[in-house]
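Trainee: Could you take me through one part of this model in some detail? I'd like to look at its packing.

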Amino acid sequence: RFSLAQAFSRQEENEAALKQVTHLLQNFPETVIYPQVQLLHADILKKLGKTEQAISALDQVAQWISANSAIEEFKKSLPKIISQQAELHQELQQNSKAYTLYRKLFIHHPADPVTLQALPEMKRFGALPDVASVPLTLDERSLRIKNLLAGVRYEQVIQEIQESNPPGPKMPENYYFYLASAYQGLKKRSEANQTLKALLKQYPTHSRADEVQYQIGRNLWNLGKDQAAIDFLKKSNTKNKVSNVSIKSQFIIGRIYEENKQNQQALKQYNHVVAQFGNAEYSQWAAWRMGWIHYLSNQYQKAHDQFRENARHFPEGDFIEYNLFWQGKSLEGLGKKKAAHKIYRDVAQDYPYTYYGIRARERVSADSVLAPS
């Protein structure tokens, strides 16, 4: 019926199109194409010279989408609806209302293609003598930058922050986070760290200081500056020693030791994570890596014991099939193929659609083929 309404509209049979759309809105009020139906409805009303009614229809759908903002498909329609509202107000020479709507697009939907097309109109209306141009408040500019980040417009975020805050003056605290996130998105970790360090200098008692220290440390790790990374990661544990930031920091310190073949320090660090943070995801991951270090060192008995203990200690954890599979691999390393085969068979049966479930099934199949008849 929606396609039929579109076809009538394209043929300029507007009354017939309106009849179909009206039937849709009355009889299918919860259709997932409601925004598209209302956009077509407004377009038809405009063609029929009922511009005020068209604006009213778009106001209705805009309010409805705001009330159902969790539905992603509906939110995608909002910039087009706002732009069409602005065009209709422009047609009625309601310039201030048109400007307000274009300004709304600029703040709330800055990365949408519709907004980029409408930007010249916003500037034009803002310069008209009967329109009071309103500069962005700090909160509005922050919201625009936040929405640009969500739209992956990293370079524009950097440009706008730098233009509105020349080097030297202290920026609002959230600007440092936005700027660092934009640099992170562009993989410019050194610039991100410079921004985060500037934040700590300007706001040394910031409530998110631990998180900032953690991010600096992680960036340093990715830049290959391991000792500096460890220093910052240790600083991120000072306020709340059981926070998610603290868990991740402690774990990454272990990863740095492991990557540098400092196995004893890595094992000690991972053991500390397991002991301190219980069933947390990073704690379970640390426990698995302890077994992995032993396995790569050909210490198959220690690896087997560690993986077995992990499976016993975290039977419902995220790494259960990892631990069971590598327990089997450790048994193979010890020459205990029959015991390994049993574990593989259990993993394949209990976790059939996981990566290690599939690998275990392959091992069982290989063992069956190689077994003597």
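Trainee: How many residues does the largest nonpolar core have, and which of them have the most contacts inside it?

Mentor: Some ground rules to start. This is a predicted model, where local features need pLDDT of at least 70, side-chain atom pairs count only at pLDDT 80 or more, and totals for chains, interfaces and linings use all residues. Residues are numbered from 1 along each chain as its sequence is written, and side-chain values use heavy atoms, leaving out hydrogens and water.

On to your core: it has 49 residues, and the ones with the most contacts inside it are Val157, Ile161, Val212, Ile216, Ile252, Ile256 and Tyr270. A nonpolar core here is a set of buried Ala, Val, Leu, Ile, Met, Phe, Trp, Tyr and Cys residues joined through side-chain atoms within 4.5 Å. Buried means under 20% relative accessible area, exposed over 50%, and partly exposed in between (1.4 Å probe, protein chains only). Helix 10 (residues 173–185) supplies the largest share of this core, eight residues. Helices are DSSP runs of H or I, at least four residues, and strands are runs of E, at least two, numbered from the N terminus.

Zoom in on Ile252. Leaving aside residues up to four places away in sequence, it touches Tyr214, Arg218, Trp221 and Leu233, a contact being heavy atoms within 4.5 Å. Apart from this core lies another, of 40 residues, including Leu25, Leu101, Ile107 and Val114.

Just after helix 1, Glu12 takes a positive phi of about 65°.

How far can you trust all this? The mean pLDDT of the protein chain is 91, with 95% of its residues at 70 or more; pLDDT is the predictor's confidence in each residue, from 0 to 100.
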